[in-house]
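This report walks through one protein model, moving from aromatic rings to a pair of helices and then to the chain as a whole. Please keep the sequence and the structure in view while reading.

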Amino acid sequence: MSRAFGPSAHGATFGNVTPRVPQQIGAQSLEDTVKVTTRKAALSGLAILGATVLLAGCASAPEETDGGTDAETIDFVPCMVSDAGGFDDKSFNQLGFEGITKAADELGVEAITVESASETDYAPNLTSLVDQGCNLIVTVGFALSAATVESALANPDIEYVIIDDAADNDFDGTTDAENIKPILFDTAQAAFLGGYAAADYTTTNTVGTFGGMNFPTVSIFMDGFKQGVDYYNEQKGKGVTVLGWDGTDGLFTGGFEANDTARQVAQGLIDQNVDVVLPVGGPIYQSAAAAIREAGREIAMLGVDADFTETDPSVADLVLTSILKGIDVGTYEAVLAAGNGDFDPTPFIGTLENEGVGIAPFHDFESKVSDTLQGELDDLKAAIIAGDVEVQSYLAG
């Protein structure tokens, strides 16, 4: 069965190099887009993501289904390009890979996936996928924004999905190509809960965070984390200090590799008596874990994107909780829709309300956190959703 491409529309925000905050997303204002996309109609499957899927970091195997194709073979080739972290990063690349794999299985097609070893691979990898006849190309990570836009403009009949960026490299408030669907996550909301939990857990009254590079999709975790700690201090009359992020700038390794630089940055925080660390940037958490183990004292770590206890059990004993994005489900929904001829370039913004973001269970730390913490987090989540507690971010409207 042949497949027709759906109509295109404008999408939205943020380039991959200079951290500026655009005023609008797509043809709508950012506020309007958030209002639309945070309703469960935006990506219906993300609205039912729920704790089971989000907290697992990868979805359960789907039931046998024809994917809406009546068991006929469809003429559809979904493809994906990773960023330099690769598909085994235990984080957002891996989640994207799981999402496209699940969708391809349901559609009864084969996905083509390519890994990027460095940023110089992005454009050649995209060209290779175009040459292989891909109908949909998913690019994973804001670092691919410029290459994605260039490819999309050159190939208007191919549909594109970009994770963690809205491909607005000229900062005019609209997506730079009408055939790109941005999937974004207001992770500040979930990180706020993580910061609150860290502040409640710490015994040294000092927690820390560091990132790969100071891009909005990295610093949004750090900023939400700090806001959560500050809120805890206000509510409890405490004085927990956050090191590594001051609300504007902080500690960054300069890249997203698990290397000695990342370990040294983590060690610098540990030397300042932190007992909770939030590393933001794919594999750099592995360097943080190594530094924690070398420290010889009780230090907890927060995961990002996926539930690290599930995706990397080797660090489960260190993970207090993880700040989650529904990248796997978002990718799955977008690919499945495109395979069924229903590609929709409207941006999706994951929030606590539509369950596009969340935090993982405490797992090994269940017996170590206070008896009241989970209830407080449940109440705080409800207050954020209701608008009674404001979490600031560039995606908050």
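## A buried aromatic pair

Tyr-201 and Phe-365 are both buried. In this predicted model, the two residues form an edge-to-face aromatic pair, with 5.7 Å from centre to centre and 75 degrees between the planes. The pair counts as edge-to-face because planes over 60 degrees apart are given that name.

Where do Tyr-201 and Phe-365 lie along the chain? Tyr-201 belongs to helix α7, whereas Phe-365 sits in the loop between β14 (357-359) and α13 (373-386), so the pair ties together parts that are 164 residues apart in sequence.

## Other aromatic rings

A pair of aromatic rings is described by the distance of the centres and the angle of the planes. The count of aromatic pairs comes to nine. One of them joins Tyr-196 and Tyr-231, whose ring centres are 6.3 Å apart and whose planes stand at 45 degrees, so this pair is tilted. Tyr-196 is in helix α7 (residues 187-201) and Tyr-231 is in helix α8 (residues 216-236), so that the pair links distant parts of the chain, 35 residues apart.

Is Tyr-196 buried or exposed? With a relative accessible area of 6%, Tyr-196 is buried, because the cut-off for this word is under 20%. Tyr-196 and Tyr-231 also belong to one aromatic cluster, which they form together with Phe-192 and Tyr-232.

## Two crossing helices

Helix α4 (residues 92-107) and helix α12 (residues 327-339) have axes that come within 7 Å and cross at roughly 35 degrees, and the crossing of α4 and α12 is right-handed. On the side of α4, the residues making the contact include Phe-92, Leu-95, Ile-100 and Ala-103, while on the side of α12 they include Ile-327, Tyr-332, Val-335 and Leu-336.

Which kinds of residue make up the contact of α4 with α12? The residues divide into nine nonpolar, four polar and three charged. Among the charged ones are Lys-102 and Glu-106 of α4 and Asp-328 of α12.

## The chain as a whole

The secondary structure of the protein comes to 13 helices and 14 strands. Of the 397 residues in the protein, 58% are buried, and the protein exposes about 15000 Å², of which carbon and sulfur atoms supply 47%.

When contacts between residues at least 6 apart in sequence are considered, 74% of them join residues at least 24 apart.

Definitions and conventions. Residues are numbered from 1 along each chain as its sequence is written. This is a predicted model: local features need pLDDT of at least 70, side-chain atom pairs count only at pLDDT 80 or more; totals for chains, interfaces and linings use all residues. Side-chain values use heavy atoms; hydrogens and water are left out. Helices (H or I, at least four residues) and strands (E, at least two) are DSSP runs, numbered from the N terminus. Buried means under 20% relative accessible area, exposed over 50%, partly exposed in between (1.4 Å probe, protein chains only). Contact means heavy atoms within 4.5 Å. Accessible areas come from the Shrake-Rupley method with a 1.4 Å probe; for residues, only the protein chains shown count as cover. Axes are lines fitted to C-alpha atoms, for helices over the stretch in contact, and angles run from 0 to 180 degrees between N-to-C directions. A crossing is left-handed if the near helix is turned anticlockwise from the far one by less than a right angle, and right-handed if clockwise. Rings of Phe, Tyr and Trp (its six-membered ring) pair if their centres lie within 6.5 Å; planes under 30 degrees apart count as stacked, over 60 as edge-to-face and the rest as tilted.
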